[in-house]
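Subject: Model handover

Hi,

Here is the model I promised to pass on.

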Amino acid sequence: MTEDKIQSLAITGRRRFLRNISLSTLSAIIGADIVFGSSMPKDYVPVVFQDDDPYKLFKKHKDLIILNNKPWNLESQPHILDDKVTPADKMFVRNNGLIPEKVDKATWKLTVDGEAVKAIKSYSLEDLKSKFDHYTYQLTLECGGNGRSEFYPPASGNQWKTGAVSCASWTGVRLRDVLEDVGITDKAVYVGYHAADTHLSGNPDKEPISRGVPIYKALQDETLLAFSMNGEDIPLAHGFPLRLVAGGFPASASGKWLNRISVRNIVHDGAKMEAPSYRVPCKPVAPGEEVANEDMCIIESMPVKSLITYPKTGAMIAKGKSLEVRGHAWAGELEVSDMKVSIDFGQTWQKCQLEKPVNRLAWQHFKTQLSFPQQGYYEVWAKATDANGVSQPMVVPGWNPKGYLNNACHRIAIKVG
Amino acid sequence: MENDLIKSLKKLLGLMLGLSFLIVIMIGALVLVNINPDFIHKSKDTGSTDLAEVNVQEGDLVKDGIHMSTGLVAEEGYETVIANCTNCHAADLIIQNRGSKERWMALIDWMQETQGLWDLGSNEEIIVSYLSEYYAPIQRGRRPNLVDIEWYELKE
């Protein structure tokens with residue numbers, strides 16, 4: 001078994017998914033034998049099973065890559081993230097548990113409780129929409145484990161490459177306004193979310209994930225209780241009917257299918273708040289080093305990063321032709337102040353035009369025109385620098401046990417001539 | 001009048017007989033296909049890798065050393081892995097990951113402590129040996145070469 005073969009089989013996609021469904025499985029689900037199963041064309045998905053094709057189920061672009069089907073995890077690819085505002089069909093899907101099956105907008109309730117509220121209060125969706133002002137922000141959501149696949153020794157979990165990032169336009173009410181309406185005390189330290197998804201084990205007493213944000217983040221203008229995405233109801237896979245959206249933080253802080261917010265007098269201790277989940281060593285460690293749980297610190301702002309979204313890697317251009325390169329850059333809580341690309345593995349860098357973000361925590365667009373000195377194979381490397389002067393590393397940054405925060409430069413391959 | 005009615009009834013009877021005959025033939029065909037599924041596509045290329053066909057005939061097909069329906073390397077212990085691991089998560093999650101014996105054991109401990117995985121008993125040794133053999137870490141350096149590039153002409 002060559003490594004390549006294992007790798008190519010690990011690349012999951014539509015074909016792989018279809019291969020996973022055996023007819024006996026299908027028959028078991030339908031509760032009947034599929035009599036003419038043996039003459040089905042190979043790409044045919046029986047009607048009764050169509051809803052389990054993730055591309056149809058989640059209305060996703062064909063170039064998304066399936067990492068896992070239990071729970072559903074799909075990642076996007078740089079070349080389909082070229083839109084300035086990420087459309088729903090190109091957005092990565094990250095789940096820790098099972099997506100709720102029945103969501104009733106009319107009876108949905110958000111309860112705010114916890115040690116640091118003056119009184120427990122509940123709101124229907126209609127209450128939220130009618131009582132509070134609405135705000136719309138474009139917010140960058142990146143999975144803490146985006147880029148995990150490059151760490152060595154390998155870190156366990158979904159092996160995200162570059163596509164676990166999006167920047168959609170979210171509309172909702174400010175969490176701050178709702179917390180003010182509820183009334184919080186000066187004991188408030190953290191806000192934890194609870195949601196309607198279910199644990200993979202099926203145990204109803206276990207939450208798959210219940211994370212949140214420190215109170216300073218909860219009170220920011222851009223931290224929303226969102227009920228719409230890109231001007232429409234939030235798609236089910238992305239948190240319908242209500243989602244906490246805290247851009248710039250690991251996307252796991254933005255709880256989907258939100259039904260309860262707990263204002264805590266301690267750092268929230270819900271599922272996947274505990275070490276080592278979404279934590280990195282407080283002090284740098286050598287690759288593979290054991291790190292005690294008490295030495296792991298919660299990730300807050302995501303690091304500076306960028307993605308070349310045009311052209312798609314593998315472009316062949318004629319000699320003497322110039323090439324437009326473009327993409328997005330973001331820096332967690334900070335703004336990106338500089339964007340450069342290199343065609344000689346970092347020996348020289350060319351400055352790109354960089355747009356201001358449409359609002360705080362939105363990704364910024366860059367572009368530049370490249371010319372190549374001679375025929376041959378090139379890689380275009382992209383490097384962003386944040387407002388504090390911190391840049392993306394060209395190599396994989398500090399190893400950590402769970403493989404978070406890989407913000408190494410993105411690169412694409414180009415052939416000239 | 002009466003004659004017309006009789007004629008109509010006769011027509012109806014004929015139609016019903018015809019229908020019953022068709023149904024009998026269809027049932028016959030179904031039974032035949034059930035007994036010998038090859039009957040309906042004898043003319044098909046036998047080397048075809050039609051996925052649906054493969055699955056219906058051999059649910060546990062192994063091709064090039066890979067168990068087709070899960071994608072796992074079909075070597076000693078893979079059935080035990082399927083039986084104990086794929087209830088909760090897809091085999092995809094295993095295939096993407098790499099680890100030493102210690103790493104896989106630590107992961108099993110974590111799943112037992114937090115994710116509701118049962119005591120694996122003597123199967124643990126089988127599972128850990130399998131995983132650390134076929135899903136061992138691969139050192140690729142601090143930045144690997146770009147691979148699997150699909151080259152295309154860029155048209156503007």
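This is a predicted model: local features need pLDDT of at least 70, side-chain atom pairs count only at pLDDT 80 or more; totals for chains, interfaces and linings use all residues.

Residues are numbered from 1 along each chain as its sequence is written, chains are lettered from A and ligands numbered from 1 in the order in which they are written, and side-chain values use heavy atoms, with hydrogens and water left out.

**Chain A overall**

Chain A has seven helices and 23 strands. Helices (H or I, at least four residues) and strands (E, at least two) are DSSP runs, numbered from the N terminus. Of the 417 residues in chain A, 57% are buried. Buried means under 20% relative accessible area, exposed means over 50%, and partly exposed is in between (1.4 Å probe, protein chains only). If you take the contacts in chain A (heavy atoms within 4.5 Å) between residues at least 6 apart in sequence, 70% of them join residues at least 24 apart.

A:Leu125 belongs to helix α5 (residues 125–131) of chain A. It counts as buried because its relative accessibility is 6%. Setting aside neighbours within four places in sequence, A:Leu125 is in contact with A:Lys105, A:Trp108, A:Pro241 and A:Leu242.

In helix α6 (residues 175–182) of chain A, the buried residues are A:Leu175, A:Asp177, A:Val178, A:Leu179 and A:Val182. After α6(A) comes A:Gly183, with a positive phi near 95 degrees.

Most residues other than glycine have a negative phi, and most peptide bonds are trans. Here are some exceptions to look at.

- The peptide bond from A:Lys70 to A:Pro71 is cis, with omega near 5 degrees; A:Pro71 is in the loop between β1 (65–69) and β2 (72–75) of chain A.
- A:Ala275 and A:Pro276 are also joined by a cis peptide bond, omega being about 5 degrees. A:Pro276 lies in the loop between β12 (258–264) and β13 (279–281) of chain A.
- A:Asn230 has a positive phi, near 50 degrees. You'll find A:Asn230 in the loop between β9 (224–229) and β10 (232–233) of chain A, partly exposed at 27% relative accessible area.
- B:Asp64 has a positive phi too, near 50 degrees. B:Asp64 is in the loop between β1 (62–63) and β2 (66–67) of chain B and counts as exposed, at 57% relative accessibility.

B:Asn97 lies in the loop between α4 (91–96) and α5 (101–114) of chain B. Is B:Asn97 buried or exposed? Its relative accessibility is 4%, so B:Asn97 counts as buried. A polar atom of its side chain lies 3.0 Å from the backbone oxygen of A:Gly157. Not counting residues up to four places away in sequence, B:Asn97 touches A:Ala155, A:Ser156, A:Gly157 and A:Gln159, along with B:Trp104 and B:Tyr135.

**A helix pair in chain B**

The axes of helix α3 (residues 78–85) and helix α6 (residues 123–134) of chain B come within 9 Å and cross at roughly 110 degrees. The axes are lines fitted to C-alpha atoms, for helices over the stretch in contact, and angles run from 0 to 180 degrees between N-to-C directions. α3(B) and α6(B) are therefore roughly perpendicular to each other (65 to 115 degrees; under 35 is roughly parallel, over 145 roughly antiparallel, and the rest oblique). On the α3(B) side, B:Tyr78, B:Thr80, B:Val81 and B:Asn84 meet B:Asn123, B:Ile126, B:Ile127 and B:Tyr130 of α6(B).

Conventions. A polar contact is a pair of N or O atoms within 3.5 Å; within protein, one must be able to donate a hydrogen and the other to accept it, and residues adjacent in sequence count only if both atoms are side-chain atoms.
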